[in-house]
Amino acid sequence: MAVRNTASLLAGLLLVLFHTWRAWAALEVYMNDTVEVALKGTAKITCRYTSEEGRGSMDIQWFFRKGTGERHKICEQVGMMTTINRTSPYANRISVNDTETPAEVALSIRDVQLSDEVDFICRVKSISEDHVEGHTTLKVFGKPDHPTIEGVTTGISVNADSLSKIGTCEVRNGYPKPKITWYKNTTPLRNTDNVNVETSTTSESSGLFSVKSDLTMKVDRKDKDATFYCEVNYYLPGTNGIMMMMETTKINITVIYPSTFVDFWIESPKGRIKEGDTVELRCRGDGNAVETYSIKDLKNDDVTWEVDKVVLENVTRLDSGEYECTLTNIDIYEEFSNRTAVFVNYLDEAVLNPSDTVLMDKGDTITATCNALSSLQTNTAWFKNNKKMSKDHSLILEAATFDTSGTYLCVVTVPEVEGMETRGSLHVHVKGKPEIQEKDINEIETSDETIILSCHAKGYPTPKITWTTSEGKVINSGSQMETDSGAKSQVTVQLTSDVTVFCNASNEFDSDSVSFNIKVKITVHTTPDSSTTPDSTTTPVSTTTITTTSSNPKATESKGVVIAVIIICILLLAILGSVLYFLYKKGKICNRSGKQDITKEKSSKDNIVVEMKSDNTEEAILLGVNGDKTPPGDQ
């Protein structure tokens, strides 16, 4: 009995061990639940099995199934041979290969489409064991196009009775369906009483999804600076369920809102205003709704401008005062007003005391004052010939001389306002007889045909300047110009001989004069006649220099008379020489031997030098005489 019980116990233990071994050694298949792949990418689905039998004894079949529908065979591997089902939609897009992992095969699908999002089944059967199978669901993802946004182009009023459309966002050709979220600045917008987001989805013929979203909301004036945009979320393979994101460009909207106050200011000029300026007044509210403006001169009820800008040209002190701008909102019939003050600074004309013209005697002293009424602090200065004479409103002229005469300019300026100034002139004359500034000039030597003389006479009344010569001739070509202290004159004198010119200045008190003694230097060149007789010798070239001087101007002879006398003398000498030569040739004049020989005479001995002096004029004449008469033109 005990033996039988022991045998039964051992048999049961062996049976348990056998079933445990069978369970451990049974054929099993391992596959991923899902495989993710991008649209038009390549999907790789692996099938790993466990078996004691070798690869050559395995029969592996692949199927696909849509949902819970019927399965369709794709291909079969028996041992190392693969048979593809040519009626399968995957016939041209698949490959089946062993992987580097033992007991594992992989089904690769190229150019994955959305229709490939099905269950793929791997059935494995060995020779000694029944088949087992596993399955994997293929997930396909299509990245959408970049999203677009389009905002409204018209203005949106804050006083609108209903929600106003802001814009539309759209994203196309995504899979699975993308998600759109609206943002204002950095805040996502959700549906509320003042915000409404409506989203619509379109399934394209390709199976991809396009999503459009419209945003309407109640706007306020703060939204004028807000930016709106959309964020699109979508899935991609291998992201472990984390959604990817793209953003549209940012847009702004035009918000129409009424003003809550009005600003009124002086646009130009900047700073203080002076008489003669152009003043521009501007009026502007803080809103952009349809509004009207009017500007009014409060000191004159009849002056109103129905504009937001007024230009006052060439203003005077009478334009000073308060101006008011009124803004009216047409939509809500609300008014706002503001005021600004305009003050026009002024500077009256300079008042001089004494004024205009002052007559002084030599040695006198006067004090002149210059004042100008102004709305601002002024500075006063006196100038003469651009030289500052005084830094005060008073000008003191002491111990007057002719140099004190002239025009004194008073300039009154306002330092605070550039270009604001006034001027006045004081003309000062110092009475007295003329005083010519040039000294007597004993001698001026020149070889020019003309000479320019100047003469400056001080005195008042303004001296009259005349020009005369030592012969009493008045030169009328002189020009006279008044100066601060008198007059100045210039004259051009034609020179034919030595002359003395007088500058005469006179007024009601007396007269004055100076003289200019002018010496004329003359050079005369003479050349002999080129035609000579065969028997005569050539006379060398001679030069005649005529210098005229006169210590006594009254005894000076005219240049033309002197030249005429010289020519006559030369002609007489030439005639005398010709007569003597003729007599010599005829034998009327003989030497001791009774022969006439003219060849022994040297040409140098034929020269005759004649020197004539008359009173205070000296003429030196060099004459060549050799028997030929010298023409007057060659002298």
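**Exercise 1. Count the disulfides and give their pairing pattern.**

Start with the criterion. A disulfide is a pair of cysteine sulfur atoms within 2.5 Å. A search of the whole structure then returns 5 disulfides. Next, count the bonded cysteines along the chain. The pattern is 1-2, 3-4, 5-6, 7-8, 9-10.

Note the source before going on. This is a predicted model, in which local features need pLDDT of at least 70 and side-chain atom pairs count only at pLDDT 80 or more, while totals for chains, interfaces and linings use all residues. Residues are numbered from 1 along each chain as its sequence is written, and side-chain values use heavy atoms, with hydrogens and water left out.

**Exercise 2. Describe the link between Cys 283 and Cys 325: distance, handedness, location and burial.**

Step 1, distance. The S to S separation of Cys 283 and Cys 325 is 1.5 Å, and the two form a disulfide.

Step 2, handedness. The angle about the S-S bond is -75°, and the link of Cys 283 and Cys 325 is left-handed.

Step 3, location. Cys 283 sits in strand β23 (residues 279-285) and Cys 325 in strand β27 (residues 321-329), so the bond ties together parts 42 residues apart in sequence. Helices (H or I, at least four residues) and strands (E, at least two) are DSSP runs, numbered from the N terminus.

Step 4, burial. Buried means under 20% relative accessible area, exposed over 50%, and partly exposed in between (1.4 Å probe, protein chains only). Both Cys 283 and Cys 325 are buried.

**Exercise 3. Do the analysis for Cys 370 and Cys 410.**

Step 1, distance. The sulfur atoms of Cys 370 and Cys 410 are 1.8 Å apart, in a disulfide.

Step 2, handedness. The torsion about their S-S bond is about -85°, so the disulfide of Cys 370 and Cys 410 is left-handed.

Step 3, location. Cys 370 belongs to strand β32 (residues 366-371) and Cys 410 to strand β36 (residues 406-413); the pair links distant parts of the chain, 40 residues apart.

Step 4, burial. Cys 370 has 1% relative accessibility, so it counts as buried. Cys 410 has 0%, so it is buried too.

**Exercise 4. Do the analysis for Cys 455 and Cys 503.**

Step 1, distance. The sulfur atoms of this disulfide, Cys 455 and Cys 503, are 2.0 Å apart.

Step 2, handedness. The torsion about the S-S bond of Cys 455 and Cys 503 is about -85°, so this disulfide is left-handed.

Step 3, location. Strand β39 (residues 450-460) holds Cys 455 and strand β44 (residues 499-506) holds Cys 503, so the bond ties together parts 48 residues apart in sequence.

Step 4, burial. Cys 455 is buried, because its relative accessibility is 0%. Cys 503 is buried at 0% as well.

**Exercise 5. Characterise the positive phi values of Asn 173 and Asn 314.**

Step 1, Asn 173. Its phi is near 60°, a positive value in a residue other than glycine. Asn 173 is in strand β13 (residues 164-174). At 23% relative accessibility, Asn 173 counts as partly exposed.

Step 2, Asn 314. Its phi is near 50°, positive in a residue other than glycine. Asn 314 is in the loop between β26 (309-312) and β27. At 54% relative accessibility, Asn 314 counts as exposed.
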